Amino acid sequence: MLEKPSIGELVWAKVLELVPNGAILQLEEKQRGFLPLAEVPPETEIVVGAEVVVKVIGYDPAGQPLVSMRRVSETDREEAQFHREALEF
């Protein structure tokens, strides 16, 4: 069983599909999340295949993570990128 990310946790995700009210993301091997359109900053364009850093803001009734790009600060983004690069090193 996959460990669910905690609310408030930053995770990297890949955009799988755009839907009218948001986007479906791949968070981990078999875990998908939903990014509501309201949680995408107005100046941000998301495209299928893009990798984005998001913050877990809750879970839907089926237990799927709800995530936000809007609530990720620039400092959060820099720290996530640094952590990712350190793991790749």
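This is a predicted model: local features need pLDDT of at least 70, side-chain atom pairs count only at pLDDT 80 or more; totals for chains, interfaces and linings use all residues.
**View 1. A salt bridge joins Arg 70 and Glu 39.** The closest N and O atoms of Arg 70 and Glu 39 are 3.1 Å apart. Arg 70 belongs to the loop between strand 5 (65-68) and helix 1 (74-88), while Glu 39 belongs to the loop between strand 3 (32-36) and strand 4 (51-59), so the pair ties together parts that are 31 residues apart in sequence. The two partners can also be described by their accessibility. Glu 39 has a relative accessible area of 7% and is therefore buried, because buried means under 20%. Arg 70, at 46% relative accessibility, is partly exposed.

**View 2. Arg 84 and Glu 51 meet in a salt bridge.** The N to O distance between the side chains of Arg 84 and Glu 51 is 2.1 Å. Arg 84 is part of helix 1 and Glu 51 is part of strand 4, so this pair ties together parts that are 33 residues apart in sequence. Arg 84 is partly exposed, with 23% relative accessibility. Glu 51 is likewise partly exposed, with a relative accessible area of 44%.

**View 3. Arg 84 also lies over the face of Trp 12.** The distance from Arg 84 to the ring centre of Trp 12 is 4.1 Å.

View 4. Glu 74 is partly exposed, having a relative accessible area of 48%. Arg 77 is partly exposed as well, at 31%.

**View 5. Glu 39, Arg 70 and Arg 71 belong to one network.** The three residues are joined by salt bridges that share partners. One of the pairs in this view is Arg 70 with Glu 39, which form a salt bridge. For the structure as a whole, the count comes to five salt bridges. Side chains of opposite charge can pair when their charged atoms come close.

**View 6. The charged end of Lys 4 sits over the ring of Tyr 59.** The charged end of Lys 4 is 5.1 Å from the centre of the Tyr 59 ring. How many aromatic pairs does the structure hold? The number of aromatic pairs is zero.

Note on methods:
Residues are numbered from 1 along each chain as its sequence is written. Side-chain values use heavy atoms; hydrogens and water are left out. A salt bridge is a side-chain nitrogen of Lys or Arg within 4 Å of a carboxyl oxygen of Asp or Glu. Helices (H or I, at least four residues) and strands (E, at least two) are DSSP runs, numbered from the N terminus. Buried means under 20% relative accessible area, exposed over 50%, partly exposed in between (1.4 Å probe, protein chains only). Rings of Phe, Tyr and Trp (its six-membered ring) pair if their centres lie within 6.5 Å; planes under 30 degrees apart count as stacked, over 60 as edge-to-face and the rest as tilted. A charge sits over a ring if NZ of Lys or CZ of Arg is within 6 Å of the ring centre and within 35 degrees of the ring normal.
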